[in-house]
Amino acid sequence: VYPDIGAAIPLHTGAASLAILAYLPDETVDMILKRPLEMLAPNTMTDLSQIKQELSAIRQRGFCTSSQQRSVGVGAVAAPLFAVDGSVVGSLNVTGPVDRFTEDKVRVYSQLLRQACDRISGSLGSDKNHRR
């Protein structure tokens with residue numbers, strides 16, 4: 001799986017994007033979700049209440065999963081990266097064929113991603129207590 005370099009990707013689609021969207025300020029999220037929400041794949045979320053519910057779940061878990069939300073046949077797990085002020089600055093993700101994202105694999109991937117993101121965020125000066 002590879003992205004089109006330089007392509008704009010809507011923040012309501014896929015684990016990597018949703019992991020960022022979940023930690024943006026509420027006003028920014030509302031502004032982004034006011035735009036028309038394009039359906040890119042069979043499981044792309046376009047219902048505002050469903051998206052907001054998923055963003056809340058992501059914040060509780062500390063990571064995001066997706067299955068065919070951005071591309072047919074593609075699954076992913078992602079976790080957010082934070083700056084010194086606690087703001088989200090990006091995400092790390094594992095992406096591949098959807099059938100490789102079993103419950104057990106998601107558990108392993110999410111733990112590894114969260115650990116890596118904590119280390120990277122820490123190197124950026126972020127403190128877990130200051131994150132949104």
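Predicted model: local features only at pLDDT ≥ 70, side-chain atom pairs only at ≥ 80, totals over all residues.
Figure 1. The chain exposes about 7,700 Å², an area from the Shrake-Rupley method with a 1.4 Å probe. Carbon and sulfur atoms supply 53% of that area.

**Figure 2. Overall dimensions.** The C-alpha trace spans about 40 × 35 × 30 Å along its principal axes. The radius of gyration is 14 Å, which agrees with the value near 14 Å for a compact globule of 132 residues. That radius is taken over C-alpha atoms, and the globule rule is 2.2 Å times the number of residues to the power 0.38.

**Figure 3. Order of helices and strands.** Four helices and three strands make up the chain's elements. These are DSSP runs numbered from the N terminus: helices are H or I, at least four residues; strands are E, at least two. Along the sequence the pattern reads α-α-α-β-β-β-α. Among contacts (heavy atoms within 4.5 Å) between residues at least 6 apart in sequence, 58% join residues at least 24 apart.

**Figure 4. Packing of α2 against α3.** Helix α2 (residues 26-34) packs on helix α3 (residues 48-61) at about 145°, with axes 12 Å apart. Axes are lines fitted to C-alpha atoms over the stretch in contact; angles run from 0 to 180 degrees between N-to-C directions. V29, D30 and L33 of α2 meet L48, I51, K52 and L55 of α3.

**Notes.** Residues are numbered from 1 along each chain as its sequence is written. Local features need pLDDT of at least 70, side-chain atom pairs count only at pLDDT 80 or more, totals for chains, interfaces and linings use all residues, and side-chain values use heavy atoms, without hydrogens and water.
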